[in-house]
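Hi,

Here is the structure I said I would pass on. Have a look at it first, and my notes follow below.

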Amino acid sequence: MAERAAEFYDRHRIGILIVVIVLLTLLAWANRFVQDDAYISFRYARNLVEGHGLVFNPGERVEGYTNFLWTLLMAVPLFFGAEPILFSEIAGIVCFIINLFVTYRLLSLFFRSYVRRILVVALLGINYSFSSYATGGLETQLQSLLFTTAVWLALELTASGSYKNTRIAGLSVILALAALTRPDSLLLWITVIPVVLYGIFKNDSPSSSRLISVVLLTAPAAIITGAWLVWKLSYYGAVLPNTYYVKAASALSLHRGFLYVLLFFTSYWLIPFPFLALAQAAGKRLPRLLVLPSILILLWLAYVVKIGGDFMEFRFLVAVMPLLFIHIVAVIFSFSAVAVRTALILMIAAGSLVHATGFMTPFTGTDIETIGQLEIHLTNPVENWSGIGKKLGHLFGSADVTIAVTAAGAIPYYSGLETVDMFGL
């Protein structure tokens with residue numbers, strides 16, 4: 001029976017993978033939503049298309065976004081006279097699909113078993129936060145895709161020992177695109193570049209070949225990112241976005257950031273896995289290739305804690321979720337008992353289901369908004385930020401009127417009026 005099952009999986013592996021990803025994509029589409037912060041990028045993109053430059057208010061050069069590449073992408077539908085909402089959802093779904101495929105390719109470095117690879121893809125795809133942030137209107141899924149791709153390319157280079165110039169240059173471009181997508185993606189550089197450099201210098205190829213590899217790894221990323229930073233300095237007068245000075249430069253609570261991460265692991269029933277991973281790593285029962293993903297996960301979680309987490313339900317954790325689920329499944333299959341493996345897999349699946357159907361924030365002092373709450377701000381009869389923006393635009397669209405808001409997304413976008421953001425972002 002086992003041999004027949006293995007033969008069936010081997011014969012139909014691509015078809016099964018496609019079916020699984022299609023089902024996960026349908027789930028992500030069913031969970032689709034748009035949050036208010038997405039309209040900030042939409043407003044910058046619209047002003048760019050209308051010839052005002054990459055600004056929130058015409059004539060005021062303030063970098064109030066943290067997703068340069070995504071904002072430029074949102075200018076595409078606006079250039080053709082279309083609204084960016086559907087375009088952002090489709091772009092996010094495409095990133096989600098590619099991310100699942102890249103995760104599967106990355107898994108081949110860890111698991112020979114096809115079933116285990118499919119299992120990781122499935123458990124990742126049914127995670128409510130990962131699935132929902134396939135949309136949302138922001139760069140979340142794009143950043144995650146670039147993280148997964150960079151780690152895959154880096155580990156494939158080091159595992160094979162074959163440092164092909166095209167792969168190295170491709171990795172460098174991916175690192176640059178990640179930085180342009182979100183500046184905090186530079187944490188990816190800190191982990192990936194040293195690992196690949198170590199492999200290059202350890203390789204027994206000629207010195208000239210190694211020098212070329214080093215240049216190809218560093219030069220494209222440095223040139224692309226450097227040109228962007230120079231442009232930012234000349235255009236906005238600063239390298240860091242305005243949000244950094246308002247958020248990161250203020251006294252953010254490590255306690256709040258710790259609760260943010262803790263709440264993710266507890267609400268998805270994943271809290272045993274960090275302890276199991278430590279135990280299995282101490283016993284050297286985990287693949288050596290997990291070192292790079294582990295360091296990146298830990299570094300990213302430390303960063304999220306340092307900045308105090310976020311008010312959006314676990315959005316900041318999506319970037320490393322594919323790597324996290326690879327690690328979790330590696331821990332599961334480090335146990336030899338089938339009953340233990342099955343129980344842990346069912347616990348993850350149940351945790352995802354329970355979270356999706358009844359997530360709340362039980363810790364006092366947290367201001368995390370669920371995905372449902374993020375979505376309802378725009379349309380519910382009480383707040384209806386989209387409706388307010390449209391009404392203000394209808395009443396004062398041609399007048400010299402300035403509004404002040406705390407919700408600086410849909411209201412400014414739909415009104416088209418000069419806007420003061422009362423949070424200073």
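Some housekeeping before the rest. This is a predicted model, where local features need pLDDT of at least 70 and side-chain atom pairs count only at pLDDT 80 or more, while totals for chains, interfaces and linings use all residues. Residues are numbered from 1 along each chain as its sequence is written, and side-chain values use heavy atoms, leaving out hydrogens and water.

Back to K232: it forms a salt bridge with E63, with the closest N and O atoms 3.2 Å apart (the cut-off is a side-chain nitrogen of Lys or Arg within 4 Å of a carboxyl oxygen of Asp or Glu). This pair links distant parts of the chain, 169 residues apart: E63 sits in the loop between α3 (38-49) and α4 (68-79), and K232 in helix α11 (residues 207-236). Helices here are DSSP runs of H or I with at least four residues, strands are runs of E with at least two, and both are numbered from the N terminus. E63 is buried as well, at 5% relative accessibility.

By that rule the count comes to five salt bridges. R182 pairs with E139 at 3.1 Å between the closest N and O atoms. R182 lies in the loop between α9 (165-181) and α10 (186-202) and E139 in the loop between α7 (128-132) and α8 (140-160), so the pair ties together parts 43 residues apart in sequence. R182 also forms a salt bridge with D184, closest N and O atoms 3.0 Å apart. Shared partners join E139, R182, D184 and R315 into one network. As for burial, R182 has a relative accessible area of 7%, E139 has 1%, and D184 is at 10%.

Then there are the strands. β1 (residues 402-405) and β2 pair in the parallel sense over four bridges (pairing takes at least two DSSP bridges), and A404 stands opposite V420 in β2. In β2 (residues 418-421), T419 and D421 make up the covered face, E418 and V420 the uncovered one.

Cheers

Methods
Buried means under 20% relative accessible area, exposed over 50%, partly exposed in between (1.4 Å probe, protein chains only).
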